[in-house]
Amino acid sequence: MGEEAGVAIYPGSFDPVTNGHLDIIERGAGIFDKVIVAVLLNEAKAPFFSLEERLDMLRTSTAQWKNVEVDTFDGLLVSYATARKARVILRGIRAVSDFEYEFQMALMNRRLAPQVETVFMVPAEPYSFLSSSLVKEVSRLGGSVSGLVPALVERYLQERIQRKDPGKRV
Ligand code: PNS
């Protein structure tokens, strides 16, 4: 694709960012001119980490890639993509279980904005089972998530879990 590759939006909740997300961001940054990691501003989803915390974790762990930007968005993803002049929505696919939801979203987004293409990438094998929800659950129950999230995220998790009511759902 070379100089035609343009801007890709990598959207999500990132609650918190995992090494699986970072693997996709790194692969995307190697292909596209720029990758915008776009955090959904949706309080209805009742995130575990605040927006500021999620942005801090993302910004710190993507600082080594000069063509990666971290931003927030609200409303329709395709409107944000169009406003940012992005041709591509980048999504990671782990297993067959991800497929149905991703397929629905990709086709709905195409219907809304045919000029925006969804590109799926597959993370490195060690991360193919990884999700933010599992990371929070394992961490809450005292298991180690070392190697699955950046060190900063591990610290955020430990600190948050020590502070919270141990009975809280994640
Ligand atoms: O990785 P996640 O947390 O499941 O991300 C979901 C996300 C943010 C990509 C999706 O919920 C989204 O795009 N929300 C924005 C609202 C929107 O455009 N909805 C229609 C999608 S077909």
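Leaving aside its neighbours within four places in sequence, which residues is Thr62 in contact with?

**Entry 1: Thr62**

I began with this residue in the model, which is a predicted one. I located Thr62 in helix 2, which covers residues 51–62. Once neighbours within four places in sequence were set aside, I found Thr62 in contact with Leu22, Ile25, Val68 and Val70. I then looked up its accessibility. Thr62 has a relative accessibility of 3%, and because buried means under 20%, I recorded this residue as buried.

Five of them form an open sheet in the order 3-2-1-4-5, and the pairing is parallel. I noted strand 3 (68–73) and strand 5 as the edge strands, since each pairs on one side only. On average, neighbouring strands of this sheet are turned by 30° against each other, with direction ignored.

I looked up which helices lie on this sheet. Helix 2 packs on it and touches strand 2 and strand 3; the direction of helix 2 makes about 165° with that of strand 3. Helix 4 also packs on the sheet, where it touches strand 4 and strand 5, and its direction makes about 175° with that of strand 4.

**Entry 2: Strand 1**

I examined the pairing of strand 1 on each side. Strand 1 (residues 7–12) pairs with strand 2 (residues 34–40) in the parallel sense over six bridges. Two of the partners I wrote down in strand 2 are Val37, for Tyr10, and Val39, for Gly12. With strand 4, strand 1 pairs in the parallel sense over two bridges. There I found Ala8 opposite Val88.

Is strand 1 enclosed or open? I found six of its six residues buried, so strand 1 is largely enclosed by the rest of the structure. Both of its faces are covered: Val7, Ile9 and Pro11 are buried on one side, and Ala8, Tyr10 and Gly12 are buried on the other. I also followed the chain onward and recorded that strand 1, helix 1 (residues 19–31) and strand 2 make a right-handed β-α-β unit.

**Entry 3: Backbone details in two loops**

I inspected the loop between strand 1 and helix 1, where Pro16 lies. The peptide bond joining Asp15 and Pro16 is cis, with omega about 0°. Phe14 is placed in this loop too. Its phi is positive, about 50°, although Phe14 is not a glycine.

I then turned to Lys85, in the loop between helix 3 and strand 4. Lys85 likewise is not a glycine, yet has a positive phi of about 55°.

Which of these residues is buried and which is exposed? I recorded Phe14 as buried, with a relative accessible area of 3%, and Lys85 as exposed, with 69%.

**Entry 4: Helix 4**

I finished with helix 4 (residues 96–112) and checked its length. At 1.5 Å a residue, its 17 residues should span 24 Å; the end C-alpha atoms are 25 Å apart, which agrees. I also noted a kink of about 25° in helix 4, centred on Glu102.

I listed Asp98, Glu102, Ala106 and Asn109 as buried in helix 4. An α-helix has 3.6 residues a turn, so residues three or four places apart point the same way. What do the buried residues of helix 4 pack against? I found that they pack against helix 3 (77–83), strand 4 (88–92) and strand 5 (117–121).

Note on methods:
Residues numbered from 1 in each chain as written. Predicted model: local features only at pLDDT ≥ 70, side-chain atom pairs only at ≥ 80, totals over all residues. Heavy atoms only, no water. Helix = DSSP H or I, 4+ residues; strand = E, 2+ residues; numbered from the N terminus. Expected span 1.5 Å × (residues − 1). Bend = angle between axes of the 7 residues up to and from the residue. Buried < 20%, exposed > 50% of the residue type's maximum accessible area, 1.4 Å probe, protein only. Contact = heavy atoms within 4.5 Å. Pairing = 2+ DSSP bridges. Axes fitted to C-alpha atoms, helices over the stretch in contact; angles between N-to-C directions. Right-handed = clockwise from strand over helix to strand, strands pointing away.
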